[in-house]
Amino acid sequence: MLMQIGPLNLHNAALKLTAGAPAQLLKAGKPQIAFAGRSNVGKSSLVNCLLGRKKLARVSGAPGKTITVNYYDIDGKLFFVDLPGYGYAKRSFADKKRWSALTQSYFEENAALAAVLQLIDIRTGVTADDADMLAWLRYYKVPHMLVATKCDKLGKTALSEAAAQLVRSPAVAPGTGCVLFSSLRGEGRDALWTHITKLAFGGGGKD
């Protein structure tokens, strides 16, 4: 597994900040690539796979309860930003309100935000919550692309059909990029890194 991606040494990656309130959010400095998606869509697994780690990004023991924005410093040149998951049915009204306030604040006037990777479970496709998130990204004019997770769960034919249906969803703007990804197998890792380096630095890619 490559541990040098363009200008980035992936060995030099660590959790830098856990922000639980709007005042703690970082909105300037090094570029940020944010990860958005439903609870349990695989954001932590995706971050770990991209960085060649197993437990840098940890899955919450209580899904949907942790409402924080987690910043992972990549070689002092880039932040991966893990946004709190949405769509967890058992989350209280107060928690949903906190999620909305924190996430909205993250997007507002964030000069450092380079792009959002919107994760979608390939098995379920675009849910109503995902559609709301995509509409939110368009409202704030945030560059974004789709990452279809858990692609190892489908056979080749079913995967092809699900991927085609995903990009045809009315909630997805025409021309939105999409990478098929499996954290279990590492499939899509190189392709996604190519997109990330281009979005964050305007070019580059794998060495």
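Rings of Phe, Tyr and Trp (for Trp, its six-membered ring) pair if their centres lie within 6.5 Å, and planes under 30 degrees apart count as stacked, over 60 as edge-to-face and the rest as tilted. The structure is a predicted model, in which local features need pLDDT of at least 70 and side-chain atom pairs count only at pLDDT 80 or more, while totals for chains, interfaces and linings use all residues. Residues are numbered from 1 along each chain as its sequence is written, and side-chain values use heavy atoms, with hydrogens and water left out.

**View A. The aromatic pair of Tyr86 and Trp99.** The structure holds ten aromatic pairs. One of them, formed by Tyr86 and Trp99, is edge-to-face, with 5.9 Å centre to centre and 70° between the planes. Tyr86 lies in the loop between β6 (78-82) and α2 and Trp99 lies in helix α2, so the pair ties together parts that are 13 residues apart in sequence. Helices (H or I, at least four residues) and strands (E, at least two) are DSSP runs, numbered from the N terminus.

**View B. The lining of the second largest pocket.** Tyr86, Gly87, Tyr88, Arg91, Lys96, Trp99, Asp129, Asp132, Met133 and Trp136 line this pocket. A pocket is an open set of points on a 1 Å grid over the protein atoms alone, where a 1.4 Å probe fits, with protein on both sides within 12 Å along at least five of seven lines, and lining residues have an atom within 4 Å of a point. Helices α2 (93-107) and α3 (128-139) each supply at least two residues of the lining, and α3 gives the most, with four residues.

**View C. The contact of helices α1 and α5.** Leu46, Cys49, Leu50 and Leu51 in α1 meet Arg189, Leu192, Trp193 and Ile196 in α5, where contact means heavy atoms within 4.5 Å.
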